[in-house]
Amino acid sequence: MTKTISTTPTTPTTPTSSATSTTSATSATSASFTKTGSLAGLAVAVLALTASDVVNKGYDPLAETVSRYVNLPHGWLVTVGLLGIALGSAALAVRTVRAGGGGRSGWLLGFWAVCVLVAAVFPADPPGNWDRPSTADTVHGVAAWAGFLALAVAIVRLTMTWRREPARVSGARGLTVLAWASSVAFVLFAAAMVDRAVLTHTAPLGLAERVVIAVDLAWLALAAVTTASAAPRSAASGTMSRMTTGLTK
């Protein structure tokens, strides 16, 4: 009696499929969490900084920067606003680094978030102390300018990268418009600072800063939405690639 032995390998499809589903679910959950964290932090920032300009009287918002308002009775709103920006930016930076494709730009977003956090911890001086800044004001100023510069570079680099990704095509135009606006606003803000510090001392520095902050926050919010919505597609692409590789072996 002849005994037949099967030589066909058994493919463990069920465990592999289960692992793939788990990975996709984890990726989707992480994307949703970072999207929520980004938008929540940025929303808190917008509300707190807007409320600060409304309830804090005594300074001219066209002339004085947002951070100077920390010295007024409701100055805690400025601190809350800065912490909200730091939180929202950090969540977006984490998602960008994990997703890949942004090169070092995701780390620039993280650096911006750290700079904003430092600026929140070290408050600015009241207006009029340009010639004799305190240590806290000096740290605040250096962190603020380093952060703004890092963010300006990150916005341009990430926008150029994401424009080429089909998963983010729906938000590419908005990100591009806001990236241009951010670059122009940053240059005008820098020019206003130079004028206030060493030239005519009349430039509307407060207005220039509020414009660049508003544009940057808008870009960060749109980036948080498009990055999160693109994550499941990226995960699916990776899964399909692994399946294709397995079939061709």
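**Close-up views of a predicted model**

**View 1. Residues lining the largest cavity.** Ser67, Val70, Val78, Thr79, Leu82, Ala119, Ala120, Pro123, Ala124 and His140 form the lining of the largest cavity. Two elements each give two or more residues to this lining: helix 2 (76-99) and helix 3 (105-121). Helix 2 gives the most, with 3 residues. The structure is a predicted model.

View 2. The structure holds 1 cavity of 30 Å³ or more. The space in the largest cavity is about 40 Å³. Its lining counts 7 nonpolar and 3 polar residues. No charged residues take part in the lining. Rolling a probe the size of a water molecule over the atoms shows where such empty space is left.

**View 3. Helix 2 and the residue that follows.** Helix 2 has 24 residues. At 1.5 Å a residue, helix 2 should span 34 Å, and its end C-alpha atoms lie 35 Å apart, so the two values agree. Glycine 100 follows helix 2. The phi of glycine 100 is positive, near 75 degrees.

**View 4. Serine 182 and its contacts.** Serine 182 sits in helix 5, which runs over residues 169-198. Its relative accessibility is 3%, under the 20% cut-off, so serine 182 counts as buried. Leaving out residues up to four places away in sequence, serine 182 touches Ile155, Val212, Val215 and Asp216.

Key. Residues are numbered from 1 along each chain as its sequence is written. This is a predicted model: local features need pLDDT of at least 70, side-chain atom pairs count only at pLDDT 80 or more; totals for chains, interfaces and linings use all residues. Side-chain values use heavy atoms; hydrogens and water are left out. On a 1 Å grid over the protein atoms alone, a cavity is a set of points where a 1.4 Å probe fits but cannot get out, and a pocket is an open set with protein on both sides within 12 Å along at least five of seven lines; lining residues have an atom within 4 Å of a point. Grid points are joined across faces, edges and corners, and a volume is the space filled by probe spheres set on the points. Helices (H or I, at least four residues) and strands (E, at least two) are DSSP runs, numbered from the N terminus. Ala, Val, Leu, Ile, Met, Phe, Trp, Tyr, Cys and Pro count as nonpolar, Asp, Glu, Lys and Arg as charged, and the others, Gly among them, as polar. Buried means under 20% relative accessible area, exposed over 50%, partly exposed in between (1.4 Å probe, protein chains only). Contact means heavy atoms within 4.5 Å. The expected span of a helix is 1.5 Å times one less than its number of residues.
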